[in-house]
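Subject: Structure for your review

Dear colleague,

Please find the structure below, with the findings set out after it.

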Amino acid sequence: MSAPNPAERLKKVLPVPYTKFLPDILKRNLGKWVDRKFHGYGIIEHISETGERVFTVKVGTPPNFRFATSTLREFAKVADELGVGALRFTRNGNIEILTDSLDKALKIKEVVEKMGYPVGGWGPTIWSINSCTAFLTCTTAVVDAPSITKALYDALKPYFIGEIPLPAKLRINVSGCPSSCGGFTSDINIVGHYGDAPTYDPDRIKLCLPKSAKALEMGHVPEVAEVCPTNAIKVYGKQDGSVGLDIIRSKCIACGRCRDVCDWIDFDSSKAGVAILLGGKASNTGRGPLPSVQVIPWVPANPPEYKEIVAVVKKIIDEWRKDAKQGERIGDWLMRIGYEEFYKRLNIPVTKWNQPPRFGGEFGIRQFFQKA
Amino acid sequence: MSVYDKIGEFLLHLRFKHGVEEFSDTSELANFLAQMSPGEEAAAILSLPGRPRPFLVSAYREGDIFAVAIVDLDDVRTARLKIGLEELEDATSRAGAELFGDRGIAPFFLPIMEKEGEIYFAMGVKVALDVVTGGVIDQLIETLEWEGDTYYERIMEKLASEQQPKST
């Protein structure tokens, strides 16, 4: 069988008419939803203008949303027997099971909790802890994001199920490396990184360099240096005709691109840790959408309990809970009290890596209303 | 963006936007080129095992003659030149033909990008062939690898001499 011409792929017509795959109750009420009610945390009722109601139960999933097919079958069974025969995965990896009465929704909650999965989210709770896949399949992971997520979920479960209310919604992202596939624009973001510049094997590094100083004169572009986004790698010809390499630590951002193109460059894994970024959000509440800001450049990542990371995250949440106004997300709270004050309260030293940001003006559509 | 990012992007465009054929063997490539009709042009990517980046091949058939250009995207070089990015291929092809035309080959530089006053390019050769076989393509690749530095040096010298003001 011959491979299809790649250009043919572009001729596909998307999107597919997805509505035809919906369960009947959703198909009947599409675009007719007029109201909603919360029934504790993790259960939401949507009310249609037709009078029909759909109850959705939000279930927290294992880190990186990893399931055995047998577990998925159990969830499907619950959705068939107690729901409307449908469930969905949210972009943050929760499972939402839909049903048509509050009694059934409460029953679903009871059953999935017996299976070992918490029901929570929505309102002033943790909505999700999103995680990248890290070492399971990734070649660039620095820390194991799913196991950090597991440690965080264990410590923060009361905030997910609503046992301890928060000032506002809280999203947490955990990424194993600065590629940030787990996301880095949430209220709390944890991003793995190497913490220091790489080093190289002095005998074998020559396999990644032009053969001789003469080759450099012939204009050859050394890939290890060329891929460095900060020009932290210098390749130079020596007097004896060989080629040397310098890594300028002060310029290196430990992105790992040199390591990707050369097997003889690597990082010291004992220095691997995570950066903590705070305050990202896309909503138009408070000060409007905000980018996340690096507040702690490095926290050690010590498996399996990741005590330091868990302690830092809990401390941040505690301080926010203590001081924030109702509905004030972490970004809005930080903007109100100021990053300098936040650093003072948490005793975080200020370096060039976590300078308090200065945002000019406000983001979001409200600025247009204010002008009008 | 590094020159290698640029090459990666370029290859993605060739593969997925333009649907350029890709071969992992010089004989397969030769068969593909040999099937061209007179007046037909073709482009192909030659990805030989064990190499990080492929060769780019462009061919045109006129009568029984095949004009073939092969560029080694793994042999990327840089230079500060007085000529612009757009003129580089023409100027170096002309220089290459004048210097090495008697050997039936015209080495040239395929421009890729310009950054901070330096032009980045890949080394290539252009030839006219009456027979295209896998062996001939292997030979061209080998020649490009062995003679690359000589081609580079001689073409750079020629460009420099052409840019010197002529004495009266």
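Predicted model: local features only at pLDDT ≥ 70, side-chain atom pairs only at ≥ 80, totals over all residues.

Ala232(A) is buried, since its relative accessible area is 2% (buried means under 20% relative accessible area, exposed over 50% and partly exposed in between, with a 1.4 Å probe and protein chains only). The residue lies in the loop between α7 (223-226) and β10 (233-237) of chain A; helices (H or I, at least four residues) and strands (E, at least two) are DSSP runs numbered from the N terminus. Ala232(A) touches Asp246(A), Ile247(A), Ile248(A), Lys251(A) and Cys252(A), not counting residues up to four places away in sequence, where contact means heavy atoms within 4.5 Å.

Residues are numbered from 1 along each chain as its sequence is written, chains are lettered from A and ligands numbered from 1 in the order in which they are written, and side-chain values use heavy atoms, with hydrogens and water left out.

Chain A has 12 helices and 14 strands. Of its 372 residues, 46% are buried. Among the contacts in chain A with a separation of 6 or more, 61% are between residues 24 or more positions apart.

Chain A contains an open sheet of 5 strands in the order β6-β7-β8-β13-β14, with mixed pairing; two strands pair if DSSP finds at least two bridges between them. The edges are β6 (126-131) and β14 (293-300) of chain A, each with a single partner strand, so one side of each has no neighbour in the sheet. From one strand to the next the twist averages 15° (axes are lines fitted to C-alpha atoms, for helices over the stretch in contact, and angles run from 0 to 180 degrees between N-to-C directions). Strands β8 (residues 188-193) and β13 (residues 273-278) of chain A run antiparallel and are joined by 6 bridges. Within this pair, Gly192(A) stands opposite Val274(A) in β13(A). Helix α5 (residues 145-160) of chain A packs on the sheet and touches β6, β7 (170-175), β8 and β13 of chain A, its direction making about 175° with that of β6(A). Helix α11 (residues 339-346) of chain A also packs on the sheet, where it touches β13 and β14 of chain A at about 25° to the direction of β14(A).

The structure holds 40 salt bridges over all chains, a salt bridge being a side-chain nitrogen of Lys or Arg within 4 Å of a carboxyl oxygen of Asp or Glu. One of them joins Asp187(A) to Arg329(A), with the closest N and O atoms 2.8 Å apart. This pair links distant parts of the chain, 142 residues apart: Asp187(A) is in the loop between β7 and β8 of chain A, and Arg329(A) in the loop between α9 (307-323) and α10 (330-337) of chain A. Both Asp187(A) and Arg329(A) are buried.

In chain B, the side chains of Arg77(B) and Asp149(B) form a salt bridge at 2.9 Å, N to O. Arg77(B) counts as buried at 1% relative accessibility, whereas Asp149(B) is partly exposed at 27%.

Yours sincerely
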